[in-house]
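Please look through the structure below before reading the notes that follow it.

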Amino acid sequence: MSGTNSGRLNRRSFLQRAASGAGGLLAAPYVITSAALGAEDRAPAGERIVMGGIGLGGRGRYVMGAFMRNKDVQMVAVCDVQSGRRKGAKATVDRRYGNKDCKAYIDMRELLARDDIDAVVIATGDNNHSIASIEAARAGKDMYCEKPMSVAIAESRAVAETMRRFSRIYQCGTQRRNIGNFMFAVDLARSGKLGKLRAVHAEKAGSRSGVHFTVLPAQPEPPREVMDWNGWLGPSAWRPYNSKYYTRGFWSNHGDWSGGSITEWGSHTVDLCQWACDADNTGPVDYRTTNQRGDVEAVYANGVKLIIRKGLRFGSCPVRFEGEEGWVETGDSGRIETHPKSLLAERKFRGGYPATNHVREFLDCVKTRKQPVSTADAAHHSITACHVANICVRLGRAVKWDPAKEEFVGDAEADRLRSRAYRQPWRL
Amino acid sequence: MNCRIRNMRIIVVVCIAGVLLAGVAFAAAAPADAKARREREAKLIQTLKGSAPRAEKDKACRELQIIGTPACVPALAALLADKDLSHMARCALEPMPYGQAAKALRDALPKTSGLIKVGVIGSLGYRRDKEAVGELTKSLKDRDTAVAGAAAAALGRIGTPEAAKALDKFREGAPGAPGLRPVAAEASLTAAQRLLAEGSREQAAAIYEALQTPKWPKHVRLGAFTGLLVARPTEGVGRVTKAIAGDDPALRGAAIAAIPAMKAPGVAQRFAAELPKLPADAQVLLIGVLAERADASVRPAIVTAAGSANPRVRTAAVKALGSVGDAGCVEILCKAVVAGKSDDEKQVAAVSLQRLGGEGVDAAVVKFMKTAPVGSRPEFIKALVARKAAGAVGDLLAEAKGQDEGVRRSALRALGVLAGPKDLPALLKLLAEQKDDTTRKDAERAVMQISRKISDPAGQADAVIAALGKAAGPAKCSLLRVLGGIGNAKALEAVRGALKDKDTQVREAAVVALADWPDAAAAPALLKVAREGKTKVHKILAISGYIRLAGQLAKQRKTAEAMKMFGSAASAAERPEEKKLILGAMRGIRTIEALDLAVSFVTDAAVAREAGSTALELAKHLARGHPNEVSAAMQKVVSSCKDKRIVDQARRYIKKPGAK
């Protein structure tokens, strides 16, 4: 981590983006679609980016809708292991285009095998985010993938390397990087208007950190067409079917499939803190828990503290950045408070966390081949900070992390938790 | 709630409780002292060896992942060929920092097949086990393509020169199974990444070169292309130039996207030279990345592109000039603002004009503005404001005296932003000269803005007050409105003095200024006018302003002061309209005093409904803490208000006889 402004995004372009609130990227008319690029025997596909959706529960359907509102998107296929969601998503797409052309798949690999698809939206459960991203890249697709990027450090590292390997556009669903109040707050931190940064605060989703590994009694497994249980489990450990596993409050705190409270919101809030600290390519080095609820205080090499906790203001996913000369706090309500007040310069922001700007940025990047602001590398470092915090909580002791080597310092026990062996046939 | 649902809920609660316990147990399962660990490990080994159910053995594997030593490796190794437990055994073995774990995985290769073997190979790959290269190379020939593919992927991850060589052969041998070609390509790219990371640039480059041929899918070719840029950085510029000039749109896009990372001197100019040779779409992309570099050397090429016949190229170039242009580009941009062939082009040009850096730009904009068609001048004035062109104040003053109303208004608005206190006399003179109401308002706003820039708040009104003494008629009215906007003590004194002016219009302007006063300092003067004003209009203006200020205090949570003012307003208000204003403003003040004041209006038939509504709104919030007071108030509402809905709701808050 260096000074205030050495990152990829310089201050001028950052403010232009903040001012436009929409990514500010030139929506160049040059569309490099799969038809134009890859299949030499076919005519260019014109202006449209042909897309598919993978994992289409509530969030997935919302993001897919945000994509379909762009005229240069044509959604042609959907995939979900649950029949209700699969059929609902197909109906949504068909309704949008007034036809029955959308194809529905149970297995994402079948969707990804289609040559006519340029890009995919991935909004599966956390457990399958990494493998779906990697499989999409292997198939030559660009992708928007929901957060959190991974369940283990090694996974998101693999995602980032795979994107580089195939020169793909990957955008993590950390859409607050394209929302005005958060961009403004980050700019205050990065531009030095808060003075030298001292601490950045990231809210976690629930009061308690940590995950569980509960085993539930087996239930009769439904037919694959109704629920592809093996597909839902993906690369995680096999276990007998129980419908409770895939209720949201359950899987999102289960260690096989998620990182619980810290990754749920930390994938946004820690990510914003990393961005504010100009630390997109690194992370804190010392982690310790500060209470029984599993709040975590981490320290960057330059002394700035990252505090993962509850208790911030202004709705969901709030953050607070503190410098020697001022502070800023904001959240999804759109409210923003600064000290001194003059920093705010009477700026006002709308609340909510729409995906609109983020989605548009992704589409522009697919066309221009520029990388978006939520790159795989940046998201990897952000989610790594969350995973390391979780390992600290799980081991019940302080840990030291080397962000360059991506290993714990003198801590072989913690190192073993960086990865999870993938269940065959999946591989990183 | 039926029994089944209740039971399910109980199960969930138990599970959640189990979760927390499991978390604690897990942490506790890694005992700090070595002896306890050894004992725990021995127990887990026994679980694996015994006839425990699968779930127990799964759990033991999870724990051994963290605390396992070489002692547990044999027990785990024994499970590697087990179709149910192989994966969990790998979960424990894969991250173990012991050679014994790697050997166990290697030893399992000949004992496994199919998907189980695929998993074991994957774990060896994850570990980057160099000792497995020989066995994995043999597995490339496995008749099971899943095994062969897994072996290729693992070799790619291991990425030693030996592994890369095996992959070269595998890849170029064009495996027959259709699924193996992409795996072979991916494995080679992975190996190349590894070789690069280890410093073996040439070996990596050779792989990338091989994967650039058209027989490989586009994303493989793109990956190889970008890999080559890293592996052979000295050839990067030539390679990118060639790709840009080539006929492969895929490579061209990737090449252009790679330019921002290329920092060598002269690079931008070299790419800029390619611009005219490219198709329009590619020009647009290249112009975009060249603009990002903000390198003056590309300016001539961008200027040329700004004259392109292609509208997209032209617009992209006009936009780029905002980053790479200088004062010499002002004319191009100004002309595009005036005569751009589309609204988009005009707008982009205007934004570029605002962003343009360097010496002499402001002066060049002013020079062009002076001779530009009148209709386009406001756009240039806007650009000057955005550029914070303080040096343009003199010219803007001249424009503010021009014939065209649009230009005058734009100039006056700009002066409010750009002019400083030293320009105040000129602005005051300008204000006095305004003949129509529209431009007068703009001039008033400008004077107000400039006055507020005076660093000493107490002195902000001095120049305006001085001018007030010499002014008359509409100009004097303007100055009073300006004083209302400044709103300091001296301004208040001057405006109060104007209440006694001989001119009716001036007196009325003074009342308006007081009614718009920014804070409650004007309240006493307003109340006096409201009570003693000589005209009805003055009284209405004053009481309205007074109520507004009281509402302002209420919003600032200065409740006592606000209520005192509302009480005074209630006694001074004569018309139902003002009484309704009071009742509306009080709805947020949740005190008994506010409730009582609202209720005092219910006997006035003209506002009884509004009074009842406000009283009811307050009662909702006060009933719990003040049941008796609210009950009494609601009785008055019920007895006087005729609105059935309000009466019905009010009755709910009336205590029944005998109730405590």
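A residue counts as buried when its relative accessible area is under 20%, and as exposed when that value is over 50%. With this cut-off in hand, Ala336(B) can be classed as buried, because its relative accessibility is 8%. The model described here is a predicted one, and the points below are grouped by topic.

- Ala336(B), buried at 8% relative accessibility, has its place in helix H20 of chain B, which covers residues 330–339.
- When the neighbours within four places in sequence are left aside, Ala336(B) is in contact with Lys346(B) and Ala349(B).
- Leu553(B) lies 217 residues away from Ala336(B) along the chain, and the C-alpha atoms of these two residues are separated by 51 Å.
- Lys539(B) belongs to helix H33 of chain B, which spans residues 536–555.
- The side chain of Lys539(B) is joined to the side chain of Glu574(B) by a polar contact of 3.2 Å.

**Chain A as a whole**

- Chain A has 428 residues, of which 65% are buried, and its secondary structure comes to 14 helices and 15 strands.
- Among the contacts in chain A with a separation of 6 or more, 69% are between residues 24 or more positions apart.

- In chain A, nine strands form an open sheet with mixed pairing, and their order is E13-E12-E11-E7-E10-E9-E8-E14-E15.
- The edges of this sheet are strand E13 (336–339) and strand E15 (407–408) of chain A, each of which pairs on one side only.
- Strand E8 (residues 286–289) and strand E9 (residues 296–299) of chain A pair in the antiparallel sense over four bridges, and within this pairing Asp286(A) stands opposite Val299(A) of E9(A).
- E8(A) and E9(A) form a hairpin with six residues between them, and in its turn Gly294(A) has a positive phi of about 80 degrees.
- E9(A) also pairs in the antiparallel sense with strand E10 (residues 305–309) of chain A, again over four bridges.
- In E10(A), Ile308(A) is the bridge partner of Val296(A), while Lys305(A) is the bridge partner of Val299(A).
- A hairpin is likewise formed by E9(A) and E10(A), here with five residues between the strands, and Gly303(A) in the turn has a positive phi of about 95 degrees.

**Cavities**

- Rolling a probe the size of a water molecule over the atoms shows where empty space is left.
- Six cavities of 30 Å³ or more are counted in this model, and the largest cavity holds about 230 Å³ of space.
- The lining of the largest cavity consists of 22 residues, and those lying nearest its centre are Arg427(A), Leu428(A), Gly122(B), Ser123(B) and Tyr126(B).
- Helix H7 (114–127) and helix H9 (145–158) of chain B each supply at least two residues of the lining of the largest cavity, and H7(B) gives the largest share, with seven residues.

How values were computed
Residues are numbered from 1 along each chain as its sequence is written. Chains are lettered from A and ligands numbered from 1 in the order in which they are written. This is a predicted model: local features need pLDDT of at least 70, side-chain atom pairs count only at pLDDT 80 or more; totals for chains, interfaces and linings use all residues. Side-chain values use heavy atoms; hydrogens and water are left out. A polar contact is a pair of N or O atoms within 3.5 Å; within protein, one must be able to donate a hydrogen and the other to accept it, and residues adjacent in sequence count only if both atoms are side-chain atoms. Two strands pair if DSSP finds at least two bridges between them. Buried means under 20% relative accessible area, exposed over 50%, partly exposed in between (1.4 Å probe, protein chains only). Contact means heavy atoms within 4.5 Å. On a 1 Å grid over the protein atoms alone, a cavity is a set of points where a 1.4 Å probe fits but cannot get out, and a pocket is an open set with protein on both sides within 12 Å along at least five of seven lines; lining residues have an atom within 4 Å of a point. Grid points are joined across faces, edges and corners, and a volume is the space filled by probe spheres set on the points.
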